[in-house]
Amino acid sequence: MPWDLLLTLLPIAVVLIALLVFRRPADISGVIGWGVIALVAFFFFQTSWEVIARSTAAGFIRSFPVSMIVAASLLQMALMEKTGALKRVVLFIKTLASDNRAVSIMMVSIGFGTLMVAVGATPVSVLPPILIAMGYTTYVAIALPAIGYDSLCTYALLGAPIVVFVDFANRHLGLPPDHVNAVTLSQAGMVFYKFLPVVSTLIGFGMLWIVGRGKAMREGALPCLVTGGVIAVVAYFTNRQDNLVVLTGVFCGLAVIVAMVLYLKIGGKRVIDASRLTVEEKQYAAGFSLFRALTPWLLLIGLILVLNLPKPIFEFLYGVGEQNKAMRLPITGLTANEVPISTRALWQAYTWIFVSTFLAIPLLRPTKAQLADTFRVWFKRAPRPVFAAAIFFAIGEIMEMTGWNMHKAVYNEAGEFVRMGGYAVPSMVQVLADYSANAFQGAYGAIAAFIGLLGGFVTGSEASTIATFATYTMKTSNQLWPLDQAGGLEAMLIVTAGLAFGGGLASVISPAKLQNAAASIDKIGEEGKVMRVAFVLSLILTSVTAAFVMGLLAFNK
């Protein structure tokens, strides 16, 4: 194996060994990977420590759409937990669709799971106790929350992964967001949408198989198909408009819940069965209104709708057009190549999760002790997952900037000075792209989905997978389907969307997520049983995604 490829793969291999062999958590494994990649970049890719430091800082800032949402949502969840609001929501979900197992799975795991993760909640922490209370086994209670929202992972955290995807695509193309040829949210959204009808329906059948194998799949076929169809219809319309793309998860989750309610009503079944609650739970529910318990999420959804539905407001805050350019709130002078980083802090979801949380405090009326406990728990829980999200963005940034010389003068063909800074040697990303294009040729479209699955397993999230591997995937795609040829840009978006979906599907085999689900019902260790079955399921779903990528590429020709 050539030394440059071997050294490029070394940091990824080290992270995998740290995760799988030494069982280190994602943040520690990420730090180890960062250290290895920094040393390789310095000693073997002619990268100065200044470039490494700048790239690390730039990576942390680029991670804000994910890392800061993690911080904001953990604060909101801590407030809801300590005030008892979360308990009230759990009691409500516990009473739903008790007469139809398939409908309850679609409504709770996909409907509520998608809605919760869209607004920043964590289904793997909240849903397992509910499923146990609904009579499901420990195995099912751990597995379903980890897979239920997978098909819409791209729209988790109010669309954070697709926002990251668009930013990386335009960065790769060297285009500012207001350029006529820049990739838009809706353009990327319509590519991602093509995967949703198939993947979301298969995930529904996968959950039914986990619950009751073939019998459950046959009995629940209609609710499952209805769920997949509803997601397909709603996502089709939301992804056609830039200002609605980030709301896809919210609207799809709500639509699935409404569809399952109608399904039960048409079939003459009960939607809510309060008999599932104990006497103490009924008393608690009577003393804590559901509306009050939901105020943090209702305020957040209301704010996001106000800021995104009216197109002029969306375009202003997102920084569309020259007249709104300042609203991108760029950070300049930090990156090694001096390209500004658009933060869009006043539009990003994390800002409004913080705002909705603080606005909800007077409505939830926490005591001083509850408020103090909220911040104590937040300070305890937030730092490590926030850092874990950020460190993989830094690793991806270093991979892209290895070989960059800030003091290299670049001239045009006429011998005129253009700028300072250029690649002294090919970057790690370029090395991977060159070898991948030569090794896989046209089959790379399928391979990208499995690279995404690996990336999601390593980094723990779809957005971090995009940050780490998207530029490499785009460069490889451009070598196989050049941008200057018809369909080149569409091919790049399709292949990279396959990578992203693979990263999302890794949720069901993510050690951190499965362990989180097991811990929420005091069954640490049981996640290993789920992992074995989930691994097979994730391979099947990723294989379907890979085949779908190849089909879209063939059609794109």
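Is Leu 483 buried, exposed or partly exposed? In this predicted model, Leu 483 is partly exposed, with a relative accessible area of 37% (buried means under 20%, exposed over 50%, partly exposed in between, with a 1.4 Å probe and protein chains only). The model is predicted, so local features need pLDDT of at least 70 and side-chain atom pairs count only at pLDDT 80 or more, while totals for chains, interfaces and linings use all residues. Residues are numbered from 1 along each chain as its sequence is written, and side-chain values use heavy atoms, with hydrogens and water left out.

Leu 483 sits in the loop that joins α23 (462–480) to α24 (488–505). Helices (H or I, at least four residues) and strands (E, at least two) are DSSP runs, numbered from the N terminus. Not counting residues up to four places away in sequence, Leu 483 touches Leu 173, Asn 478, Gly 488, Leu 489 and Met 492; contact means heavy atoms within 4.5 Å. Arg 240 is 243 residues from Leu 483 in sequence and 23 Å from it in space, C-alpha to C-alpha.

The second largest pocket has a volume of about 1000 Å³. Its lining counts 48 residues, and Asp 167, Asn 170, Arg 171, Leu 175 and Pro 177 are the closest to its centre. Elements that each supply at least two lining residues include α3 (49–62), α20 (383–401) and α23. The largest share, 7 residues, comes from α9. By class, the lining has 24 nonpolar, 12 polar and 12 charged residues. Ala, Val, Leu, Ile, Met, Phe, Trp, Tyr, Cys and Pro count as nonpolar, Asp, Glu, Lys and Arg as charged, and the others, Gly among them, as polar.

The structure also holds 4 cavities of 30 Å³ or more. On a 1 Å grid over the protein atoms alone, a cavity is a set of points where a 1.4 Å probe fits but cannot get out; a pocket is an open set with protein on both sides within 12 Å along at least five of seven lines; lining residues have an atom within 4 Å of a point. Grid points are joined across faces, edges and corners, and a volume is the space filled by probe spheres set on the points.

In α17, the buried residues are Phe 314, Leu 317 and Tyr 318. They cover an arc of only 95° around the axis, which puts them on the same side of α17; the arc is that of the directions from the helix axis to the C-beta atoms. Just after α17, Gly 319 takes a positive phi of about 85°.
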